[in-house]
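Morning, everyone. Please have a look at the model on the screen, and then we'll walk through a few parts of it.

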Amino acid sequence: MAPKFPYDDLQAFLAALEADGDLKRVKAEADPHLEISEITQRVIREDGPALLFENPAGSTMPLAINLFGTEARMAKALGVDSLNEIGERIGELARPELPVGWAGIRDGLGKLMQLKSVPPKKIRKAPCQEVVFTGDDVDLNMLPGLQVWPGDGGIFHNFGLTHTKHPETGKRNVGLYRLQQHDERSIGLHWQIHKNSTSHYAEAEKRGERLPVAIAIGPDPVMAYAATAPLPPDIDEYLFAGFLRGERVEMVDCLTVPLQVPASSQIILEGWAEPGERLPEGPFGDHTGFYTPVEPFPVMRIEAMTMRQNPIYHTIVTSAPPQEDHGLGKATERIFLPLIKIMVPEIIDYDMPAAGVFHNCVIVSIDKKYPKQAQKVMSAIWGLQQMSHTKLIVVVDADCDVHDYREVAWRALGNVDYSRDLLLTEGPVDHLDHASYHQFWGGKAGIDATAKWPEEGYMRGWPEAMHMSSAVKATVDRRWKEYGLD
């Protein structure tokens, strides 16, 4: 069973980062209008620390940013030494074998106890409701929301966990969507076409009902990650967060809407999305490195804003890679590998390059057993939930390190006859994809960079790759200092 999670809230995580020398306090006043964004991006490009701006201009709230900008910091946020540890835990739980003998029964009971411990639990009194503003007292300008890029349509709150529930089934969804501040009491909800909140709103609109919405800013780091995870629709984000934490997430009822939110959050926004109401949202400088255009999106009319006595505002910047969500993307890559291997068992490993903003390219290594298996794997990946948005899949043999981009490029550029080994198709793409000629769908490619077999029509005899003998390598290792090359 996972150990009890060490961070009860954002403050505890920031304290741990500071103790490790991985948090820098910025005491000088800094402007949320562009200046904080430029400072943060310079730090990110140098793999720098998390930042706590103690004096953002125009607000009394400190601003925390770049909390997940490196893999090491992301692992710390999730309470592990390596992100692979969580994937291994999931792999153990997902193993289908029945218990054998006493040891198997013990392991099976251990798995059941893990699952039993993780559903969220409701509490009556929560830190996130120590201060309450309602009606005309609500003022989003109290928050140090950022304008990240000069061409942005205004202030955006980029790390608010948006809670909705299906009007008919009551099924909850928590997602991370950009939130444009229209005025002191209104938020634009960028609910993309493929997202669960979109279907919740569509159902409410069909019924002529308004949809309750609650936005949590600054929960504990595990819950912050869980909201970004590409979970299947039937998996509750709070169940998943409880699994990651090894303990149940505490929830509290909202004051004005029929939803629950994480009790340890810094700030909560409560309100409603009215049926049929949409406002122009954008432009917005997104993680693609380009501005996304203005489109109509639903609006949240805020009825209450609650917060801690001394809240910390948490946000994130979006930019072309390298970007702050690097750690978030790598966490998803490592955590979900065992589940992907269950669905596509020939996969050995995979990598989603940050330069491809994680969904534009996937590199996959496979244990190739039969002809054209690479093409089968490509089709399988395009059928996996959000991986259906992948635009380029590169398939290599099992002996290729998918995280070594030089080796992958060598194989993809040298092992491929593009008249035979390139698979072109069409399908859904990300809502934000600017390159597709049609919004929401476009072209995709798969590159088979594996060694080719006669059964695949390659009759020349695949050449042997060059490798130095182990004896010579051992000799050179032993004598290296003699050569004077250090």
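Start with helix 8. Its buried residues are Glu-237, Tyr-238, Phe-240, Ala-241, Gly-242, Phe-243, Leu-244 and Arg-245. Buried means under 20% relative accessible area, with exposed over 50% and partly exposed in between, using a 1.4 Å probe and protein chains only. That makes eight of the nine residues in helix 8, which spans 237-245. Helices here are DSSP runs of H or I with at least four residues, strands are E runs of at least two, and both are numbered from the N terminus.

A word on the source. This is a predicted model: local features need pLDDT of at least 70, side-chain atom pairs count only at pLDDT 80 or more, and totals for chains, interfaces and linings use all residues. Residues are numbered from 1 along each chain as its sequence is written, and side-chain values use heavy atoms, leaving out hydrogens and water.

Now the ends of helix 8. At the N-terminal end, Asp-236 is the cap: one of its side-chain oxygens lies 2.8 Å from the backbone nitrogen of Tyr-238. Just after the helix, Gly-246 has a positive phi of about 80°.

Strands pair if DSSP finds at least two bridges between them. Strand 2 (residues 50-53) and strand 3 (residues 63-65) run antiparallel, joined by three bridges. Take Phe-53: its bridge partner in strand 3 is Leu-63.

Terms used:
Polar contact = N/O pair within 3.5 Å; in protein donor to acceptor, adjacent residues only side chain to side chain.
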